[in-house]
Amino acid sequence: MKKTIRIATRESRLAMWQAEHVAAELCRHHPDLTVELVPMTTKGDQILDTTLAKIGGKGLFIKELETAMLEGRADIAVHSMKDVPAEMPEGFGIVAVLEREDPRDALVSADYMRIEDIPAGSVVGTSSLRRQAQLQHARPDLEVEPIRGNVETRLRKLDHGHFSAILLAAAGLKRLGLAERIAGFLPYEVSLPAVGQGAVGIEALQDDAAVAELVAPLEHADTRRCVDAERAFAGGLGASCESPVAGFAVIDGDELYLRGLVATRDGASVLHGERRGPAADAAAIGAALARDLFERGAAALLQEG
């Protein structure tokens, strides 16, 4: 078994928390293991003056980390699963998925606890086309503006009065010890989470059996099934960060329950769907829901999005 493992990670505080959490879990299961962090800044972290959709998508957050693994500078990379494209590059795989944190979207505001409380014409910030579309569908009388940067930067912009409220992933705020900034949680009927939201995944080269053996104890089976279903749904739709697509699965006994939606960017049209089936068939359930939505007109919404 390997005696040292190197973790490639982005340098943001949230990414470092996730990498340090994985490091602690690895050391708990393998007390003699030495874990080294390999922090790096990705292109997605460097370009903050435009939306992700315009600069190449969520893959910008992970390409440099994959290069580090290919060049032998790291053994694994730790990601928020919502940042991982549905299609993995050849030779790479998600070798472990850890137990999911709170998957909900959070409303952060000093003045309002619910979306319905925000006055018409107020400006709400989000970096996500998925959140933008669902918010504008629920509240077309609000102004939605993009907001980029790490969690602390976005909170600072809110505190400086640029927005009446901002929308963030609850999991990130909780992991950073910022849960007190959450004014309220958006119900799934208003804002269905992103595919993989709240889950942390470990990426590695698929043929690295030694790494697979080390990270195996960190795998959380129920979270893996849910994320597999959500990613199969997004992959079946051909969705990217430019696609207002949401997918969220839960385990209910022996069954997996998956909800998904496709929307136009302005939220004027939203197409919902859901599927249930044996949890062991997670990926098939996701693919089937994608086919359902295509048959009901998802392609037209994706083109408009």
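Three strands line up as an open sheet in the order β11-β12-β13, with antiparallel pairing. Strands here are DSSP runs of E with at least two residues, helices are runs of H or I with at least four, and both are numbered from the N terminus. Two strands pair if DSSP finds at least two bridges between them. The edge strands, β11 (245–252) and β13 (270–278), each pair on one side only. From one strand to the next, the twist averages 15°. Axes are lines fitted to C-alpha atoms, for helices over the stretch in contact, and angles run from 0 to 180 degrees between N-to-C directions.

This is a predicted model: local features need pLDDT of at least 70, side-chain atom pairs count only at pLDDT 80 or more, and totals for chains, interfaces and linings use all residues. Residues are numbered from 1 along each chain as its sequence is written, and side-chain values use heavy atoms, leaving out hydrogens and water.

Strand β12 (residues 255–263) runs antiparallel to β13, and nine bridges join them. Leu261 has His272 in β13 as its bridge partner. Two helices pack on this sheet: α9 touches β11 and β12, while α10 touches β12 and β13. Contact means heavy atoms within 4.5 Å.

A second open sheet has five strands, in the order β7-β6-β8-β5-β9, with mixed pairing. Strands β7 (143–145) and β9 (182–185) stand at its edges with a single partner strand each, so one side of each has no neighbour in the sheet. Neighbouring strands here are turned by 30° against each other on average, direction ignored. Strand β5 (residues 105–108) pairs with β9 in the antiparallel sense over three bridges. Ala106 has Phe185 in β9 as its bridge partner. Helix α5 lies across β5, β6 (123–125), β7 and β8 (165–169). Helix α6 lies across β5 and β8.

| Helix | Residues | Strand | Angle |
|---|---|---|---|
| α5 | 129–138 | β8 | about 130° |
| α6 | 151–159 | β8 | about 165° |
| α9 | 221–237 | β11 | about 150° |
| α10 | 282–295 | β13 | about 150° |

Now helix α1 (residues 13–29). Its 17 residues should span 24 Å at 1.5 Å a residue, and its end C-alpha atoms are 24 Å apart, which agrees. The expected span is 1.5 Å times one less than the number of residues. Buried residues of α1 include Leu14, Met16, Val22 and Leu26. Buried means under 20% relative accessible area, with a 1.4 Å probe and protein chains only. Among the elements covering the buried residues of α1 are β1 (4–10), β2 (34–40) and α8 (209–215).

Methods: Buried means under 20% relative accessible area, exposed over 50%, partly exposed in between (1.4 Å probe, protein chains only).
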